[in-house]
Structures are given as structure tokens and as C-alpha cells.
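Reader: Before I rely on any label attached to this model, I would like to see each one set against its definition. Could you take me through them?

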Amino acid sequence: MVKDFSTISELKTIREQKSRLSERESELSIPLLEDLGLIPELYKWFADILAGMDFPPSLESVAQRKKFLFIILFLYCPSVLAGGRMPNGVRKVLEDVFSNISPSRISHNIEDVTFSYQIYKDFRKDVDYLYTEVVNRLRVKELIK
């Protein structure tokens with residue numbers, strides 16, 4: 001197979017596209033929060049929001065844990081929800097918050113949460129509501145803009 005010089009132009013276009021995609025990926029991966037010390041407080045808020053619902057679900061249920069996990073990952077390391085690597089320290093803080101859950105269980109839950117958000121309408125609706133409530137509290141406390 002003989003290449004012609006048009007491949008140079010195509011290579012240039014591909015490199016430009018890759019560069020734009022990398023920049024966009026970096027923008028989308030910027031966390032809203034970085035202080036891992038806030039996670040226990042966010043869990044308390046999450047529990048308060050659940051308790052205020054008309055029919056409060058059990059905070060200890062797997063479904064509620066997954067909802068909180070999704071929200072925390074989105075706030076602290078959104079790229080994890082798209083298959084990226086979790087930053088050091090996040091899993092440990094979550095392990096402490098979920099006191100009776102092993103790190104491997106947290107990892108397995110991470111694999112499920114994006115799927116659950118995309119597939120299950122009720123899960124997505126609950127996460128959207130809970131996330132909005134948490135973000136509103138973060139704004140009130142001036143922890144985000």
C-alpha cells in the first residue's frame with residue numbers, strides 16, 4: 001500500500017480533533033468540590049433530605065447508598081462516573097461514612113451507579129432531586145458559586 005500526501009492533512013485534522021477532545025474532557029472532569037472533609041457533612045445533609053420526604057426511605061439501603069455515592073462522585077471526581085480513576089482518599093472517606101461497607105463493596109457500587117442513573121428513571125429522578133438539594137445547601141453555605 002502506497003500512501004499519498006493527503007494523509008498529512010488528515011493526520012493534522014485528527015491531531016486537532018484529539019486536542020479539542022482532550023481539552024473538553026479536562027473541562028468536564030473538573031470537580032465542583034475538593035475538600036474531602038466535607039463528605040461526612042454532605043452525608044448528614046443527604047440523610048436530612050431523605051428524612052424530610054413524604055415517605056422517607058431507609059438511609060441504610062443499598063439504593064440510597066448508591067444515590068449518595070453517585071452524587072459524591074459527581075461533585076468530587078466526575079470522570080470516575082465515565083470509567084476514570086478515583087483520586088486518592090475518596091474511597092477511604094466513603095468507607096468511613098458508610099462505616100459497615102467494605103472498600104470492595106464501594107468499588108462494586110461505583111460500577112453500578114452510572115448504569116442505574118442511565119437506565120432507571122426513578123433512580124435518576126431521586127438523584128437529580130437529592131443533588132439539587134445538596135447543591136442548594138452548598139450555595140447557601142457559600143462552598144460553591
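Author: What follows is a set of questions about labels, each answered from a value and a cut-off. This is a predicted model, in which local features need pLDDT of at least 70 and side-chain atom pairs count only at pLDDT 80 or more, whereas totals for chains, interfaces and linings use all residues. Residues are numbered from 1 along each chain as its sequence is written, and side-chain values use heavy atoms, with hydrogens and water left out.

Reader: What makes Tyr43 and Phe46 a stacked pair?

Author: Rings of Phe, Tyr and Trp (its six-membered ring) pair if their centres lie within 6.5 Å, and planes under 30 degrees apart count as stacked, over 60 as edge-to-face and the rest as tilted. The structure holds eight aromatic pairs; in one of them, Tyr43 and Phe46 have a centre-to-centre distance of 6.4 Å and an angle of 15° between the planes, and the pair is stacked.

Reader: Why are Tyr43 and Phe46 said to be separated by about one helical turn?

Author: Because they are three residues apart in helix α2 (residues 39-51), where a helix is a DSSP run of H or I with at least four residues, numbered from the N terminus.

Reader: How do you know whether Tyr43 is buried or exposed?

Author: Buried means under 20% relative accessible area, exposed over 50%, and partly exposed in between, with a 1.4 Å probe and protein chains only. Tyr43 has 14%, so this residue is buried, and Phe46, with 0%, is therefore buried as well.

Reader: Why is the pair of Tyr43 and Phe68 called edge-to-face?

Author: The ring centres of Tyr43 and Phe68 are 4.8 Å apart and the planes stand at 75°, so the pair is edge-to-face. Tyr43 lies in helix α2 and Phe68 in helix α3 (residues 62-76), so this pair ties together parts that are 25 residues apart in sequence. Tyr43, Phe46, Phe68 and Phe98 form one aromatic cluster.

Reader: What makes Ser104 partly exposed?

Author: Its relative accessibility is 43%, so Ser104 counts as partly exposed.

Definitions and conventions
Helices (H or I, at least four residues) and strands (E, at least two) are DSSP runs, numbered from the N terminus.
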